[in-house]
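Here is a short report on helix packing, backbone geometry and pocket lining. Read it with the structure open.

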Amino acid sequence: MDTVREAPRLLGALFEDGGAAWFAEAGLPPSWAAVLGPVPVDVLRVPPGADAGVRQLAALRDLWSARGPLQAAVAATAVLVRIRSEALGKDHPDTLLEQAALGTLLQRTGSPREGAALLDRAWAQLRSVAGGRDLRVAVVAQNVASARLREGNLDEAEHALEIAYRIRSERAPDTTALVAAQLGELRHARGRSSEALALLREAADRTAAREGASSLRALARRQMLGTVLVELERYGEAAKILRPLVVALPAEAPAEMRA
């Protein structure tokens, strides 16, 4: 089955009315053709199967979460919570994962209390039912850390990131780039640069391996690593990291990074 070509049918099947009422709720155009027109093809290319439409909606949600519109991301996540709850039960880890995502998105869209309550409830239940080595726990832990950082609760934010980093290191070490960067930068901000160093080095190396050494994110993470090395007075190592960055920076790099 060509899931890209079949996307309107697969997605429409998730709704009793094909999605007509949901389009308005999500702030989207009134047809799947119009909604999917600007969506990159790869977003809709998912493994064929009974849950292909659900996978496509989740992929759309991730796209809208990153690029907007956030209203559509919230509406899509609410549908995913409903689908998971009906198919698996309200306490299943996959349902709780979507509930946590919904809580996180609500916090970003002007409903901080409702979002925080939903995220915290999902976080507590997920750890209870999934255990301490489940990758879904790592995903939600990073969302919790972001929420705690917004609240100014650095201790709980660091604890959540430590949980996420431990799980990813054990279960999926190729996915540690982001959480290593987050945890390293937090420890650096809290005045513990020596503890941050190994994490920042891991984040820089894994990002370069995944995205290419010349990607802006890879360059930014190497810049952060070099900055911490300077603070630790490890100037020779810092020079080896920072000197190539000046040459490698593309024309579209932010002026602050270039300076």
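In this predicted model, H7 packs against helix H8 (residues 112–130) with the axes 7 Å apart, at an angle of about 155 degrees. An angle over 145 degrees counts as roughly antiparallel, and H7 and H8 are therefore roughly antiparallel to each other. The crossing of H7 past H8 is left-handed. On the H7 side, the contact uses Pro-93, Leu-96, Gln-99, Ala-100, Leu-102, Gly-103, Thr-104, Leu-106 and Gln-107. H8 answers with residues including Pro-112, Glu-114, Gly-115, Leu-118, Leu-119, Ala-122 and Leu-126. By class, this contact has 13 nonpolar, six polar and one charged residues.

H7 also meets helix H6 (residues 70–88). Their axes come within 9 Å and cross at roughly 160 degrees. That makes H6 roughly antiparallel to H7. H6 passes H7 in a left-handed crossing. From H6, the contact draws on residues including Leu-70, Ala-73, Val-74, Thr-77, Val-81, Arg-84 and Leu-88. From H7, it draws on Asp-94, Thr-95, Glu-98, Gln-99, Ala-101, Leu-102, Leu-105, Leu-106 and Arg-108.

The angle is about 155 degrees, and the axes lie 8 Å apart. H9 and H10 are therefore roughly antiparallel to each other. H9 passes H10 in a left-handed crossing. In H9, the residues that meet H10 include Leu-135, Val-137, Ala-138, Val-139, Ala-141, Val-144 and Arg-148. Their partners in H10 include Leu-154, Glu-156, Ala-157, Leu-161, Ile-163, Ile-167 and Arg-168. This contact has 15 nonpolar, one polar and four charged residues.

| Pair | Axis separation | Angle | Residues by class |
|---|---|---|---|
| H7 and H8 | 7 Å | about 155 degrees | 13 nonpolar, six polar, one charged |
| H9 and H10 | 8 Å | about 155 degrees | 15 nonpolar, one polar, four charged |

Two loops carry backbone features to check. Pro-69 sits in the loop between H5 and H6. The peptide bond from Gly-68 to Pro-69 is cis, with omega near 0 degrees. Glu-233 sits in the loop between H13 and helix H14 (235–248). Glu-233 is not a glycine, yet has a positive phi of about 65 degrees.

Now the open space. The largest pocket holds about 1,300 Å³. Its lining counts 36 residues. Which of them lie nearest its centre? They are Asp-62, Val-139, Asn-143, Arg-168 and Leu-178. Val-139 and Arg-168 are also among the residues through which H9 and H10 meet. Helices H5 (52–67), H7 (93–108), H9 (135–151), H11 (177–189), H12 (193–211) and H13 (216–231) each supply at least two lining residues. By class, the lining has 13 nonpolar, eight polar and 15 charged residues.

Conventions: Residues numbered from 1 in each chain as written. Predicted model: local features only at pLDDT ≥ 70, side-chain atom pairs only at ≥ 80, totals over all residues. Heavy atoms only, no water. 1 Å grid on protein atoms, 1.4 Å probe; cavity = no way out; pocket = protein on both sides within 12 Å on 5 of 7 lines; lining within 4 Å. Points joined across faces, edges and corners; volume = space filled by probe spheres on them. Nonpolar A, V, L, I, M, F, W, Y, C, P; charged D, E, K, R; others polar. Axes fitted to C-alpha atoms, helices over the stretch in contact; angles between N-to-C directions. Parallel < 35°, antiparallel > 145°, perpendicular 65-115°, else oblique. Left-handed = near helix turned anticlockwise from the far one by under 90°. Contact = heavy atoms within 4.5 Å.
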